[in-house]
Amino acid sequence: MAKVSVWLTSYNHGELLRESIESVLNQTYQDFEFIIVDDCSTDHSQEIIKEYVKKYPRIKAILHEKNIGRGGLAEALKDLEGDYVAILHGDDKWNEKKLEELFNRLNPNRSLRLARMKKQAEEKK
């Protein structure tokens, strides 16, 4: 079972989505499951996601057939494998040590279930 569930949300992020996905795949910490949720994008986001799912079996996709305006994380929490959830949006990207640094900071004695990620630009402040 993965220690971290990475939850990437996308809505019309096609121009930035590859960079976002690659930033997750290139993490130094690799004990994670990777779920990409697309909220019925009208651009080419779903095609990009399908391409990555085919190439990387570790990626699971949830492709909404109609726009619901949210990522569906609350409904999916019970099905996630990780002890922690890291959220990333399709127009964000992580530095390669994001998960490693986050995981090393987490105190295993706390009941933390959701680790909210910030945009890479905010990390450098």
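1. Let's start with Ile-62, which is found in strand β3 (residues 59-63). Helices (H or I, at least four residues) and strands (E, at least two) are DSSP runs, numbered from the N terminus. This is a predicted model, where local features need pLDDT of at least 70, side-chain atom pairs count only at pLDDT 80 or more, and totals for chains, interfaces and linings use all residues. Residues are numbered from 1 along each chain as its sequence is written, and side-chain values use heavy atoms, with hydrogens and water left out.

2. Is Ile-62 buried, exposed or partly exposed? Ile-62 counts as partly exposed because its relative accessible area is 34%; buried means under 20%, exposed over 50%, and partly exposed in between (1.4 Å probe, protein chains only).

3. Now look at the surroundings of Ile-62. Leaving aside residues up to four places away in sequence, Ile-62 touches Trp-7, Ile-35, Ile-36, Val-37 and Asp-38 (contact means heavy atoms within 4.5 Å). Asp-38 is 24 residues away along the chain, yet the C-alpha atoms of Ile-62 and Asp-38 are separated by 6.3 Å.

4. Strands β2 and β3 pair in the parallel sense over five bridges (pairing requires that DSSP finds at least two bridges between the strands). Within this pairing, Lys-60 in β3 is the bridge partner of Ile-35.

5. Together, β2, α2 and β3 make a right-handed β-α-β unit. Right-handed here means that, with the strands pointing away from the viewer, the path from the first strand over the helix to the second runs clockwise.

6. On to the inside. The largest nonpolar core has 19 residues, of which Val-6, Ile-21, Phe-34 and Leu-99 touch the most other members. Such a core is a set of buried Ala, Val, Leu, Ile, Met, Phe, Trp, Tyr and Cys residues joined through side-chain atoms within 4.5 Å. The elements giving two or more residues to this core are β1 (4-10), α1 (14-25), β2 (32-38), α2 (45-55) and β4 (84-89). Among these, α1 gives the most, with four residues.

7. Phe-32 counts as buried because its relative accessibility is 5%, and Phe-34 is buried at 0%.
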